[in-house]
Amino acid sequence: MTKHTRRRLPTVTIAITLLAAVAACGRGGQSDGSGSAQSKDAPRIAIVTRDFTNPYWAALRDGAMAEGKKLGVTVNVQAGQSETDSTGENAKLSALAGQNYNCFGVVPVNATNVITPLVPVAQKKIPILNLDTQIDPSASKQAGVSYASFIGSDNLTAGKQAGEALLKRMGGHGDVAILQGIAGEQNGINRQKGFSGAVAGKLKIVATQPADYDQAKAQTVTEAILKAHPGITGIFAANDSMGLGAAQAVKNAGLTGKVSIISVDGITAALQAVKAGTLSGTISQYPYAEGQMAVQACINLVKHKTVPNRIVSPTALIDSSNVDKAISSFPQPIEPFTNPLTTDGK
């Protein structure tokens, strides 16, 4: 990334973390900007993601709403009912598109599902942010939809980090299984590609199965894999929910400590599992920071300020060596990172 002022986002206490976890049970949220004086001309920001059952998306929501309250702008975050609920997500997006919002941030279920409901937004020349998961650029262009910026993690790098971590845990050799996310979903594809590249010629991938980013499905799939491939000593799960499901299956089989598991996201439950030793590590992606940056970018766009066309949020391997620091810092990154949207150094 180009050089910008580095900014340490404020540390959030464990008490706030627990409150955020409780909030994750809700179906949506709206910040009315009551944290500071709000002008009638202040931006009204709409953000739509997949669901709030997954703590990852709940954290993105919480970051966006907290930043909206801090900066005195209206932020409305909505979602579908599950990771695969494209119909529900599109319905929420269509409803918001007919209301008085002047910037949108969208996390798609897949590469194309949100394009059609975004057409009326694009026709009104309202800026749109593509958040976290890439929306198909050619299909978007054909529909007349463009994006002011992409804000999200580098999932190829996250997969590579996971592969390198599992290689180290497994001593550089052995059989490994991959738990995929939703078929055709770009984040999972990139994570698997990064992982496979990192372990090529060293670890033998003996099983690759989808589990839809779902913990219960991942447990069932892992139980079957362990029976079919009893020599497995490593598992890569494309998200933490699946990693936790895999960890339960490994525990039930009496293999905790014998099968290393690395997953992706850095949700609270995964951090606690790393501390407990049932999960070997997680690649933390900090969706809370993504939500904050989405609001910051929208404010800049409404003010006709330049926003980079791609903003990469930080990732970090969390294992036994730094998990206590990660827990105390959560949901913020454990280290400062370059944020091109801020220049005040705070």
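These legends walk through several close-up views of a predicted model.

**View 1**

**View 1. Strand 11 pairs with strand 10 and with strand 12.**
Strand 10 (residues 232-237) and strand 11 (residues 260-265) run parallel and are joined by three bridges. Strand 11 and strand 12 run parallel too, with four bridges between them. Ile262 is a handy residue to look for in strand 11: Phe236 stands opposite Ile262, and the bridge partner of Ile262 in strand 12 is Gly281. Which way do the residues of strand 12 point? Gly281 and Ile283 point one way, Thr282 and Ser284 point the other way, and all of them are buried.

**View 2. Helix 6 packs with helix 7.**
In general, two packed helices are described by the angle between their axes and the distance between the axes. Here helix 6 and helix 7 (residues 186-199) pack at about 40 degrees, with their axes 6 Å apart. That angle makes helix 6 oblique to helix 7, and the crossing is right-handed. On the helix 6 side, the residues that meet helix 7 include Leu156, Gly159, Gly163 and Leu167. Among their counterparts in helix 7 are Asn190, Gly194, Phe195 and Ala198. The residues of this contact divide into seven nonpolar, six polar and four charged.

**View 3. Helix 4 has a set of buried residues.**
In helix 4 (residues 115-123), the buried residues are Ile115, Pro117, Leu118, Val119, Val121 and Ala122. What covers them? The cover includes helix 3 (86-97), strand 5 (103-106), strand 6 (128-131) and helix 5 (137-143). Lys125 follows helix 4, and its phi is positive, near 65 degrees.

**View 4. Tyr213 and His304 both have a positive phi.**
Most residues other than glycine have a negative phi, and most peptide bonds are trans. Tyr213 is not a glycine, yet its phi is positive at about 60 degrees. Look for Tyr213 in the loop between strand 9 and helix 8 (215-228). His304 has a phi near 65 degrees and lies in the loop between helix 11 (287-302) and strand 13 (310-312). Is Tyr213 buried or exposed? Tyr213 is buried, because its relative accessible area is 7%, under the 20% cut-off. His304 counts as exposed, with 75% relative accessibility.

**View 5. A cis peptide bond joins Phe330 and Pro331.**
Omega for this bond is about 5 degrees. Pro331 is found in the loop between helix 12 (323-329) and strand 15 (337-338).

Methods: Residues are numbered from 1 along each chain as its sequence is written. This is a predicted model: local features need pLDDT of at least 70, side-chain atom pairs count only at pLDDT 80 or more; totals for chains, interfaces and linings use all residues. Side-chain values use heavy atoms; hydrogens and water are left out. Two strands pair if DSSP finds at least two bridges between them. Helices (H or I, at least four residues) and strands (E, at least two) are DSSP runs, numbered from the N terminus. Buried means under 20% relative accessible area, exposed over 50%, partly exposed in between (1.4 Å probe, protein chains only). Contact means heavy atoms within 4.5 Å. Axes are lines fitted to C-alpha atoms, for helices over the stretch in contact, and angles run from 0 to 180 degrees between N-to-C directions. Angles under 35 degrees count as roughly parallel, over 145 as roughly antiparallel, 65 to 115 as roughly perpendicular and the rest as oblique. A crossing is left-handed if the near helix is turned anticlockwise from the far one by less than a right angle, and right-handed if clockwise. Ala, Val, Leu, Ile, Met, Phe, Trp, Tyr, Cys and Pro count as nonpolar, Asp, Glu, Lys and Arg as charged, and the others, Gly among them, as polar.
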